[in-house]
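I opened a new model today and kept a notebook beside me. Here is what I looked up, entry by entry.

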Amino acid sequence: MLAFMRIATFNINGIRAREAALLEWLEEARPDAVLLQEIKSVDEAFPHATFEERGWFVATHGQKSFNGVAILSRLPLEDVERGLPGDDADDQARWIEATVVGRAAIRLCCLYLPNGNPAPGPKYDYKLAWMERLRRRAAELLLTEEPVVLGGDWNVIPQPEDAARPEAWAADALFLPETRAAFRRILHQGWTDAFRCREPRPGHYTFWDYQAAAWEKNNGIRIDHLLLSPQAADLMTGAGIDKAVRGREKPSDHVPVWVELDA
DNA sequence: ATGGTAGCGGTGCTA
């Protein structure tokens with residue numbers, strides 16, 4: 001007997017500015033769990049009641065003005081952990097993980113990887129250091145041999161096929177060779193890029209800048225990714241990008257990416 | 001090459 005769990009990631013660029021748009025998408029897409037990035041809110045200001053009244057369990061890891069991650073789930077969120085291990089001095093809210101138990105227990109890890117621009121510079125150094133910490137946490141997660149979804153706004157364009165104009169990103173922190181190598185170092189531990197696995201062709205994006213009519217020109221990049229542990233990849237029945245969300249009123253500059261697991 | 005937009009918070013930073 002098949003059971004389906006749809007898990008999505010969505011950089012919403014401000015939870016309060018996006019409350020209506022997020023509710024509309026939740027209603028139509030009917031995900032079971034959502035990894036949110038850039039809530040741009042402290043935990044106390046997150047509209048918990050709005051979601052809890054509609055049956056969502058909510059776990060947040062916020063900060064003032066910038067960054068901030070959260071998980072919404074139809075099932076209770078267990079063993080919630082906040083903050084990426086490896087640097088006690090790092091106070092940026094970019095990582096939260098929790099377990100949902102349906103037919104199988106799934107570890108959901110929600111990340112907002114540093115942008116890193118301008119590169120080179122201290123922000124790029126922080127990005128690379130953060131990716132090294134992520135690599136170490138990802139290796140630990142694989143050792144559990146459980147289904148794990150490692151998803152979020154990676155701020156990494158993995159391949160030229162993931163950008164409408166790759167040449168425009170040549171010197172950008174999202175596409176520099178060192179960034180892409182660090183991404184592959186994680187991927188090659190044994191993760192599956194859920195969307196790329198199902199759709200090998202180029203031209204599928206998850207982000208279009210607000211500026212310079214990027215959406216109207218379809219000048220996009222694919223930087224929001226769901227990486228699956230082998231045990232999760234074995235359960236995958238589908239994956240996709242909800243592109244149409246970008247064309248609506250007051251959209252985020254990112255759109256939801258989802259994966260469906262038989263779990 | 002340049003300048004373009006949005007969110008937060010109440011100015012300039014981040015993206």
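**Entry 1: a pair of strands**

I began with Asp 153 and looked for its bridge partner in S12, which is Asp 224. I kept in mind that this is a predicted model. Then I looked at the two strands as a whole. Strand S8 covers residues 148-153 and strand S12 covers residues 224-228. They pair in the antiparallel sense, over five bridges. I reminded myself that strands of a sheet pair through backbone hydrogen bonds, either parallel or antiparallel.

**Entry 2: the sheet around that pair**

Next I asked in what order the strands of this open sheet run. I read off S5-S6-S7-S8-S12-S9, six strands with mixed pairing. The edge strands are S5 and S9, and each pairs on one side only. S9 is residues 192-193.

**Entry 3: the other sheet**

I found another open sheet of six strands, again with mixed pairing. Its order is S3-S4-S2-S1-S14-S13. S3 (57-61) and S13 (236-241) are the edge strands, each pairing on one side only. From one strand to the next, the twist averages 10 degrees. I then followed S3 to strand S4, residues 69-73. The two run antiparallel and are joined by five bridges. Val 58 has Leu 72 as its bridge partner in S4.

**Entry 4: the nonpolar core**

I turned to the largest nonpolar core, which has 73 residues. Which members touch the most others? I listed Ile 7, Leu 36, Val 69, Ala 70, Ile 71, Leu 108 and Val 149. Strand S7, residues 105-112, gives the most to this core, with six residues.

I picked Val 149 and left aside its neighbours within four places in sequence. Val 149 is in contact with Ile 7, Ile 106, Leu 108, Cys 109, Leu 226, Leu 228 and Ala 232.

I went back to S5, residues 78-82, and stopped at Glu 81. Is Glu 81 buried, exposed or partly exposed? I noted it as partly exposed, because it has 16 C-beta neighbours inside 10 Å. Its C-alpha atom is separated by 5.3 Å from that of Glu 97, 16 residues apart along the chain.

Asp 79 is also in strand S5. Its phi is positive, about 50 degrees, although Asp 79 is not a glycine. Asp 79 has 9 other C-beta atoms within 10 Å, so I marked it as exposed.

I wrote a reminder first: most residues other than glycine have a negative phi, and most peptide bonds are trans. Asn 155 has a positive phi, near 50 degrees. I found Asn 155 in the loop between S8 and helix H4 (177-187). Why does Asn 155 count as buried? The reason is its 27 C-beta neighbours inside 10 Å.

Then I checked for cis peptide bonds. The bond from Asn 117 to Pro 118 is cis, with omega near -5 degrees. Ala 119 and Pro 120 are also joined by a cis bond, with omega about 0 degrees. Pro 118 sits in the loop between S7 and helix H3 (122-143). Pro 120 is found in the loop between S7 and H3 too.

**Entry 5: the DNA side**

Last, I looked at the 15 residues around DNA strand B. Gly 14, Ala 17, Lys 40, Asn 115 and Gln 211 come nearest. I sorted the residues of this surface by kind: five nonpolar, five polar and five charged.

How values were computed
Residues numbered from 1 in each chain as written. Chains lettered and ligands numbered in written order. Predicted model: local features only at pLDDT ≥ 70, side-chain atom pairs only at ≥ 80, totals over all residues. Core = buried A, V, L, I, M, F, W, Y, C linked by C-beta atoms within 7 Å. Buried ≥ 20, exposed ≤ 12 C-beta atoms within 10 Å, placed from the backbone. Helix = DSSP H or I, 4+ residues; strand = E, 2+ residues; numbered from the N terminus. Contact = placed C-beta atoms within 7 Å. Near = placed C-beta within 6 Å. Nonpolar A, V, L, I, M, F, W, Y, C, P; charged D, E, K, R; others polar. Pairing = 2+ DSSP bridges. Axes fitted to C-alpha atoms, helices over the stretch in contact; angles between N-to-C directions.
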